[in-house]
Amino acid sequence: MAQLFSVRIFISVLLLLLPGAAFAGGGHQLPLYPESPFTEGSGLTWISNSMIMVWLAALIIVAFCRVATKKMALIPSGLQNLAEWLVEGLYDFFGNILGEHLVKRTFWFFGATFLLILVVNYLGLIPGVGTMGTTDAHGHFKGLLRGGNADLNMTAAMSITFFLLWLYWSFTEIGVKNFFAHIFAPQGTFTGFMKVGMIVMFFLVGILEVVSIFIRPVALSFRLFGNIYGGEQTLEGLMALVPKYFAFLPALPFYFMELLVGLVQALVFTLLCAVFLKLMCSHSEEH
Amino acid sequence: MISIIAAAGTEAASPGFLETFGVNWPFFIAQLVNFIIVLFVLKKFAFAPIQEMLEQRRKRIAEGEDKLKRIEQQLADSEQRTQEAIDKANADAARLINEAKESASSLTEKKAQEAIASAQAILAKAEEAAKAERKTMTAELKKEFGRLVTATTATVTGKVLNDDDQKRINEEALSSVEG
């Protein structure tokens, strides 16, 4: 596994070092930013090509769940079985991290976010996504679709939503006083000079903790965006290295890699969110 | 690519940094609203029915386990009650058999005693009857013997014997016979 990731990083670095080589054969470079596939004046320019992919992913998930739950039976079969296995598996997975009480309260967010990220990541791998589009008179290529998580707006929206929910859940679970005590209050029992020293030290540590709390959504956003954008860029770069009829060949092994990356990144994002929440809410249990 | 990263790096501290990644208010707000709507849609239409079913199944399993425990308890109670009933029946049966044995024994004894008493009574009656008969026969024999002695005496002596003579002769004859 580690070797596969190393190969991916090596290829990415290679493509970075040889910027002219990868895209010289007529292939286009995936831009860092999303674009609206709609023309100016249509009133729909607020819709980005990545947003369409998110809608599509949500539609697929909802459609799957609706079909799976159309004729619910106590003894499941077919799609219901699959859907229940998926939901129950995720519930137990997050339950092991968050505990029974918290997972009951927050599963809707973690489950939905995991599935959405996963499906969006996989939809981004469908051939045509990022490569189908129009080229304007100035030769500027505008993609019709774009991987949903290859858009920092989307990953930031998810991170900031989690950040706000994290604040709400933390305040309601442990209270505002305990929330700040968890960040700034000295841990342990000290007396005399040590007590004063520890108060100052933990206050300074608390400031660092506050900084780290505010960095979390940024890190979450850029981690997911970077991995997905990097993967798509790698695939496009590899395809551009060879004549177009054989373009699929160098990218093929990396498609499997990206399938794995898509799953891992969905897992990492939601897992970290769950851990952040648990770290704060476990305060009341410890004390 | 290098140029993009370089540009991103140099612009990191400037307001244009986020623009490099295409982050702008309209797209960001649209994605934020989009994500929140998607979350609620998935919560309502994707997770709710499945979780409801899972919860329903969990409840049924829990109920089934409770019922199983109750049934096991009832079975254990029933087995205990059955065993107690069997034990009680065995004890009753043993007591009845003992009582029957005792009763039969006393009845046999009673009947035997009755039979013995009855036999003794019969024997006593028979003895009394035999005694009475013997007495009657002795009296008749004495009477006949007296008459014969009197008749013989009258014939031999040729005199008519009065009652006193007859009585005396009879008594003398009887005393000599009995003597």
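Visitor: Let's start with Leu116(A): which residues does it touch, not counting residues up to four places away in sequence?

Guide: Leu116(A) touches Ala57(A), Ala58(A) and Ile61(A), plus Val38(B) and Leu42(B) from the other chain. Contact here puts the two C-beta atoms, placed from the backbone, within 7 Å. Keep in mind that this is a predicted model, where local features need pLDDT of at least 70, side-chain atom pairs count only at pLDDT 80 or more, and totals for chains, interfaces and linings use all residues. Residues are numbered from 1 along each chain as its sequence is written, with chains lettered from A and ligands numbered from 1 in the order in which they are written.

Visitor: And the largest nonpolar core, how many residues does it have?

Guide: It has 58 residues, and those with the most contacts inside it are Val54(A), Ala57(A), Ile61(A), Leu116(A), Leu277(A) and Leu42(B). A nonpolar core is a set of buried Ala, Val, Leu, Ile, Met, Phe, Trp, Tyr and Cys residues joined through C-beta atoms within 7 Å. Buried means 20 or more other C-beta atoms within 10 Å of the residue's own; 12 or fewer is exposed, in between is partly exposed, and C-beta atoms are placed from the backbone.

Visitor: Which elements give two or more residues to this core?

Guide: H3, H4, H5, H6, H7 and H8 of chain A do, together with helix H3 (25-157) of chain B. H5(A) gives the largest share, 13 residues. Helices (H or I, at least four residues) and strands (E, at least two) are DSSP runs numbered from the N terminus.

Visitor: Switching to chain B: how many helices and strands?

Guide: Four helices and zero strands. The radius of gyration of chain B is 67 Å, well over the 16 Å from the globule rule for 179 residues, so chain B is more spread out than a compact globule. That radius is taken over C-alpha atoms, and the rule is 2.2 Å times the number of residues to the power 0.38. The C-alpha trace of chain B spans about 200 × 30 × 20 Å along its principal axes, and buried residues make up 7% of the chain.

Visitor: And what's the secondary structure of chain A?

Guide: Eight helices and two strands. Of the 287 residues in chain A, 35% are buried.

Visitor: Where's the kink in H7(A)?

Guide: At Ile215(A), shortly before Pro217(A), and it is about 35 degrees. The bend is the angle between axes fitted to the seven residues ending there and the seven starting there.

Visitor: Last one: is Thr270(A) buried or exposed?

Guide: Thr270(A) counts as buried, with 27 C-beta neighbours inside 10 Å. It sits in H8 (residues 248-286) of chain A. Leaving aside neighbours within four places in sequence, Thr270(A) is in contact with Phe110(A), Thr113(A) and Phe114(A).
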